[in-house]
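This briefing is for a reader meeting the structure for the first time. Please look over the sequence and the model before reading the notes.

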Amino acid sequence: MDLMEIIRTRRSIRKYQDKQISKEDLEKIIKAGLSAPNAGGRQGSIIIGVNDAKLTEQIGKLNIAKFDRSALLGAYVSDEQPSIIDDPNIKSGFYGAPSVCVIFGPKNFLYSIPDAFCCAENMILMAHSLGLASCIIARAEETFDNPDGKKFLLQWDISEDYIARCFVLLGYINGSEPSSKPLHEGRFKIV
């Protein structure tokens, strides 16, 4: 698959099989993330790969714990791949994905968030090229902003100078690929 085909056919997946990805694939995905563009060539992002479905589920429950649906009234994502916005019965912000990568960035660095999301984009494209399903998830800061979350940061030896910025869910899709949405017109100009 060429790069444009990978970009064009990748979808955000929120239904996963109970099947773990290989550590080799996880390592390739993490290396793709670490190869992302970053402000000033700083290479400040840190990625923790969690290749344990039970641990991923624990973190996913922390991710949804403070989620406020009322702030998103009227928002809608998908019938095929419903999000926590669409279905209040979903109890994990990670949708049963067996693996997740947590992307951390320096707390007081202006480009910490864009750098993390550049990592995430590289990672989901690499995952798709390997035949894996993925989804980028936000709400990372609040996931670890509690006693249980802070325990993970201590276990993983994450400095207090770093903050979680986003997650990349990884696994195998449960069901068929969702259909593509047409691109909205009028979203670019060349001047």
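The model is predicted. Five salt bridges are present in the structure. One of them joins Arg-165 and Glu-141, and Arg-165 also has a side-chain polar contact with Ser-112.

**Helix 3**

- Helix 3 covers residues 53–65, which makes 13 residues. From first C-alpha to last, helix 3 reaches 18 Å, close to the 18 Å expected at 1.5 Å a residue.
- The N-terminal end of helix 3 is capped by Asp-52. A side-chain oxygen of Asp-52 lies 3.0 Å from the backbone nitrogen of Lys-54.
- Thr-56, Ile-59, Gly-60, Leu-62, Asn-63 and Ile-64 are the buried residues of helix 3.
- The cover over these buried residues includes strand 1 (46–50), strand 2 (99–106), strand 3 (133–137) and strand 4 (162–171). Helix 5 (140–143) and helix 6 (147–155) are also among the elements that cover them.

**Helix 4**

- Helix 4 runs over residues 112–129 and has 18 residues. Its reach from first C-alpha to last is 26 Å, close to the 26 Å expected at 1.5 Å a residue.
- The buried residues of helix 4 include Ser-112, Asp-115, Ala-116, Cys-119 and Ala-120. Further along, Met-123, Ile-124, Leu-125, Ala-127 and His-128 are also among the buried residues of helix 4.
- Helix 1, helix 2 and strands 1, 2, 3 and 4 are what the buried residues of helix 4 pack against.
- Just after helix 4, Gly-131 has a positive phi of about 85°.

**Helix 2 and Asp-25**

- Helix 2 (residues 23–34) contains Asp-25. Asp-25 counts as buried because its relative accessible area is 14%, and the cut-off for buried is under 20%.
- Beyond residues up to four places away in sequence, Asp-25 touches Leu-130 and Leu-132.
- Asp-25 and Ala-127 are 102 residues apart in sequence, while their C-alpha atoms are 7.9 Å apart in space.
- Glu-27 and Lys-31 also lie in helix 2, four residues apart, which is about one turn of the helix. Residues three or four places apart point the same way because an α-helix has 3.6 residues a turn.
- The side chains of Glu-27 and Lys-31 meet in a salt bridge, at 3.1 Å from N to O. Glu-27 is partly exposed, at 45% relative accessibility.

**Arg-165 and its partners**

- Arg-165 is placed in strand 4. Its relative accessibility is 10%, so Arg-165 counts as buried.
- Which residue forms a salt bridge with Arg-165? The partner is Glu-141, with the closest N and O atoms 3.0 Å apart. Arg-165 lies in strand 4 and Glu-141 in helix 5, so this pair ties together parts that are 24 residues apart in sequence.
- Glu-141 is partly exposed, with a relative accessible area of 26%.
- Ser-112 belongs to helix 4 and is buried, with a relative accessible area of 1%. The side chains of Ser-112 and Arg-165 are joined by a polar contact of 3.0 Å.
- A polar atom of the Ser-112 side chain also lies 2.9 Å from the backbone oxygen of Pro-106.
- Leaving aside neighbours within four places in sequence, Ser-112 is in contact with Gly-105, Pro-106 and Arg-165.
- With residues up to four places away in sequence not counted, Arg-165 touches residues including Ile-103, Phe-104, Gly-105, Pro-106 and Lys-107. Ile-113, Ala-116, Phe-117 and Ala-140 are also among the residues touched by Arg-165.

**Asp-145 and Lys-150**

- Another salt bridge pairs Asp-145 with Lys-150, and the closest N and O atoms are 3.5 Å apart.
- Asp-145 is partly exposed, with a relative accessible area of 44%. Lys-150 is partly exposed as well, at 42%.
- Side chains of opposite charge can pair when their charged atoms come close.

**Surface patch**

- Leu-3, Met-4 and Ile-7 make up a nonpolar patch on the surface. Together they have about 320 Å² of accessible area.
- Ile-7 sits in helix 1 (residues 3–9). Ile-7 counts as partly exposed because its relative accessibility is 41%.

How values were computed
Residues numbered from 1 in each chain as written. Predicted model: local features only at pLDDT ≥ 70, side-chain atom pairs only at ≥ 80, totals over all residues. Heavy atoms only, no water. Patch = residues over 30% accessible without salt bridge, like charges linked within 9 Å, V, L, I, M, F, W, Y side chains within 5 Å. Areas by Shrake-Rupley, 256 points an atom, 1.4 Å probe, with all protein chains shown as cover. Salt bridge = Lys/Arg side-chain N within 4 Å of Asp/Glu carboxyl O. Helix = DSSP H or I, 4+ residues; strand = E, 2+ residues; numbered from the N terminus. Buried < 20%, exposed > 50% of the residue type's maximum accessible area, 1.4 Å probe, protein only. Expected span 1.5 Å × (residues − 1). Contact = heavy atoms within 4.5 Å. Polar contact = N/O pair within 3.5 Å; in protein donor to acceptor, adjacent residues only side chain to side chain.
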